[in-house]
Amino acid sequence: MQQLAARESEVGRTRALMAEQRQRIETLFGVRRSIVEALRKRFAAPDLKSPLGVDPNTGAIRFGEGILFEEDQATLHPTAEPVLRDFLDRYLGSLLGTELFRKHVAQILIEGHTNDNGTYLHNLELSQRRAQTVMGFLLSQKSPHEADLKRLVTASGRSFSDPIHNAGGTVDKVRSRRIEFKFRLKDE
């Protein structure tokens, strides 16, 4: 009888733990959905300096090659600075503008991507320099979220490890050259 009672108690604790985990997961997905929706609203505004799409599932935002850099270069294009300033205000305002979102954001990732022209190592170095250039520009801007940005942002070069393919299945060399902004939530 004691063994049965002990097992029932253990089952009860396991159920309570599972319910707690389920609640955490639901909260996490709810926060992600809310952040993605806030980003979609902010980046659908007609006064946006450059049209940017927000991935409806992840909230990733992609800058195409022509917006920020010339081909095979890691120096910002002269027209990129006002676009990045506008982006910074909107992005950080959406992502860190409310306490609910701010307390769940664990990381802001700036990813540099290239096409498959050249060697993997050349493109890895180029994509890393591009991501760091964008990060450096953003960190040089005055922002009410400056401390959060310094704590959360990282830059990563991905070379051509994640290309974009066109409808025919071949690598789209233009669309593959890009900078992407992603965020990660705590407990993800």
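Mentor: Keep in mind that this is a predicted model. Let's start with S159, which has a relative accessible area of 0%.

Trainee: Is S159 buried or exposed, then?

Mentor: Buried means under 20% relative accessible area. S159 is at 0%, so it counts as buried.

Trainee: Where is S159 in the chain?

Mentor: Look in the loop between β3 (153-157) and α7 (173-176). Its backbone is worth a glance too: phi of S159 is near 55 degrees, a positive value in a residue other than glycine.

Trainee: Which value does phi of D72 come near?

Mentor: Phi of D72 is near 60 degrees, again positive and again in a residue that isn't glycine. You'll find D72 in the loop between α2 (65-68) and α3 (80-96).

Trainee: How do I read the accessibility of D72?

Mentor: Partly exposed covers the range between buried, under 20%, and exposed, over 50%. D72 has 39%, so it is partly exposed.

Trainee: What about E111, is it buried or exposed?

Mentor: E111 has a relative accessible area of 4%, so it is buried. This residue belongs to strand β2 (residues 105-113).

Trainee: Which residues does E111 touch?

Mentor: Leaving out residues up to four places away in sequence, E111 touches A131, S156, R158, R178, I179, E180 and K182. With R158 there's also a polar contact, side chain to side chain, at 3.4 Å.

Definitions and conventions:
Residues numbered from 1 in each chain as written. Predicted model: local features only at pLDDT ≥ 70, side-chain atom pairs only at ≥ 80, totals over all residues. Heavy atoms only, no water. Helix = DSSP H or I, 4+ residues; strand = E, 2+ residues; numbered from the N terminus. Buried < 20%, exposed > 50% of the residue type's maximum accessible area, 1.4 Å probe, protein only. Polar contact = N/O pair within 3.5 Å; in protein donor to acceptor, adjacent residues only side chain to side chain. Contact = heavy atoms within 4.5 Å.
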